[in-house]
Amino acid sequence: MRRPASWRLLAELVAAVPGGRKRFSLAVLLASLASGASVALMGLSAWLISRAAEMPPVLYLQAAAVGVRFFGISRGVFRYVERLVGHDVALRLQSALRIRTYDSLSATTLVGRRRGDLLSRVVADVAAVQDLVVRVVIPTLAASLVIVGTTVMLGRFSWSSALVLLGSAALAGVVAPAVASRASRAVDRAAVPTRGRLADGVRELVRTSDDLVAYSADGVALDSLLAVDDELRRQESRAAWVRGLGTALQVVAAGIAVLAALVIGGQAVVSGDLAPRLLAVLVLTPLAMHEVLATFSQAAQVHTRAGAALERLAEVIDAEPIGSGDARPGTDDVAGLVIDAASVGWPGSGPVVERLSLRVAPGERVALVGPSGVGKTTVAATVMGLIPPLAGTIRRSGQVGYLAQDAHIFATSVAENVRIGNKDATDAEVARALDRAGLRLDPERIIGEAGSTLSGGEVRRLALARVLAAPRDILVLDEPTEHLDQETAARLMADVWASTSDRAVLVITHDPDVVVACDRVVALGDATGRS
């Protein structure tokens, strides 16, 4: 039987993290000692009070008094150290899982993914491994040891009472959590992807807010987002309601254990089989032990949600790479870019453009035109190696640079934004890239998120400088004049042509002025994709 993805990932991470097994075992041991100290404190205190009521010489009580003090102090100490060790293990596993996820994502393309949902997976779903360790695995293993130890301890005085306690522990620690988990499993598993949909909706709303307001479509978009939020709220409400029922069942189990201990112990005292001072031990010890089980209904739901989250991560980690996102030049003796009878489209779906053939020689400008949705950006993604061609071949003479239509500008310095195109660029190379892009900005100037402190033309030039920061033989420009006025667009393209005169340039555009400046035009939209 194949293990669930959550447990498989957890086992692999524990084995991969240096000292993971030792730290994990130590956390379980410390949690067991902390819970065991709580149970021992209650039992010993009950004995001490009962014995003191018999008014023996005070020396008879000193050992028990020292034991009460020891367990009272050690309970807090063990719990504190267990929290340190347990969270240290959980954070190490979380870090290892996040690195593993990033490694998987770095080997493939993110184009076409739901970015908000992917962000939710990388942030919230990765954090689920911490909940799984701290709230589920360690408490469950520790409680199991405490239950066994408490049952054996009480069995020395009354095996019938100990067996009832064991049965109530099974009811509170196994049956109640299982019932709660089964009752809310559907909504617990659904809540994880719903949270991803909500994150994706928020991201899209933030990105398109200006356009939505301009076209009076903001109300519809908000209603759609609020519908997802209401769905998540209903799921959380159902889970909380079920968790309350599970907690109530645990309280009932604790009450059964206490009443049974009182009846069984009372009869044993009457018959002379049990010392009267031990009756309080039999009655009060179950209360302390059931406190250890109090969070198990919530832990069962956490387990369901963490499992669903880690399964979503496993989908990302185990997915076959789709393109490298870093096209390498081939070994063929080609100059520029050569596309030969290529059919392009997203893997898993049919081709968007079929049998496209074109050549872009060094120093040549080719415009790729066609109506929106015909597949121009898909062709660009294929040229860059983000997705493989479905058929045909694409050959390149060198590295490919891409000027995206919506290139993101980060809230940092101008120089750091340029270095996104070449992380090893020196100050001189950054200044040269800015100069070639026609941008007169202080490299150390701090700019706002998404270029909010720059003009539209400066944003496009900064994105161009990022492309020019590294030596690239082929450039793909995706709508370089989008959202620019005619005068700004003309100045930008003049600088683009001047700085790329020796490169093979493929321009995706709807701008007729850009088309006119190109050497050739390839129109998409017919059956072959040929010009």
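Reply: In this predicted model, the helices α1 (5–16), α4 (115–155), α5 (159–207) and α9 (296–318) each supply at least two residues of the lining of the second largest pocket. The largest share of that lining comes from α5, which gives 10 residues. The space in the second largest pocket amounts to about 530 Å³, and of the 27 residues that line the pocket, the closest to its centre are Val 136, Pro 177, Ser 181, Ala 300 and His 303. By class, the lining of this pocket holds 16 nonpolar, eight polar and three charged residues.

With α9, another contributor to the lining, α5 packs at an angle of about 35°, the two axes lying 7 Å apart, and the crossing of α5 and α9 is right-handed. The residues of this contact between α5 and α9 divide into 11 nonpolar, seven polar and seven charged.

On the α5 side the contact involves Ser 161, Leu 165, Ser 168, Ala 169 and Ala 172, which meet Leu 282, Pro 286, Met 289 and His 290 in α8. The residues of the contact of α5 with α8 comprise six nonpolar, three polar and no charged.

From α8 the description can be carried on to helix α2 (residues 20–53), which packs with α8 at an angle of about 160°, their axes being 8 Å apart. That angle makes α2 roughly antiparallel to α8, and α2 passes α8 in a right-handed crossing. In α2, the residues Ser 35, Ser 38, Val 39, Met 42, Gly 43, Ala 46, Trp 47 and Ser 50 meet Ala 280, Val 281, Leu 284, Thr 285, Ala 288, Met 289 and Val 292 in α8. This contact of α2 with α8 has 10 nonpolar, five polar and no charged residues. Met 289 in α8 takes part in the contact with α5 and also in the contact with α2.

Terms used. Residues are numbered from 1 along each chain as its sequence is written. This is a predicted model: local features need pLDDT of at least 70, side-chain atom pairs count only at pLDDT 80 or more; totals for chains, interfaces and linings use all residues. Side-chain values use heavy atoms; hydrogens and water are left out. On a 1 Å grid over the protein atoms alone, a cavity is a set of points where a 1.4 Å probe fits but cannot get out, and a pocket is an open set with protein on both sides within 12 Å along at least five of seven lines; lining residues have an atom within 4 Å of a point. Grid points are joined across faces, edges and corners, and a volume is the space filled by probe spheres set on the points. Helices (H or I, at least four residues) and strands (E, at least two) are DSSP runs, numbered from the N terminus. Ala, Val, Leu, Ile, Met, Phe, Trp, Tyr, Cys and Pro count as nonpolar, Asp, Glu, Lys and Arg as charged, and the others, Gly among them, as polar. Contact means heavy atoms within 4.5 Å. Axes are lines fitted to C-alpha atoms, for helices over the stretch in contact, and angles run from 0 to 180 degrees between N-to-C directions. A crossing is left-handed if the near helix is turned anticlockwise from the far one by less than a right angle, and right-handed if clockwise. Angles under 35 degrees count as roughly parallel, over 145 as roughly antiparallel, 65 to 115 as roughly perpendicular and the rest as oblique.
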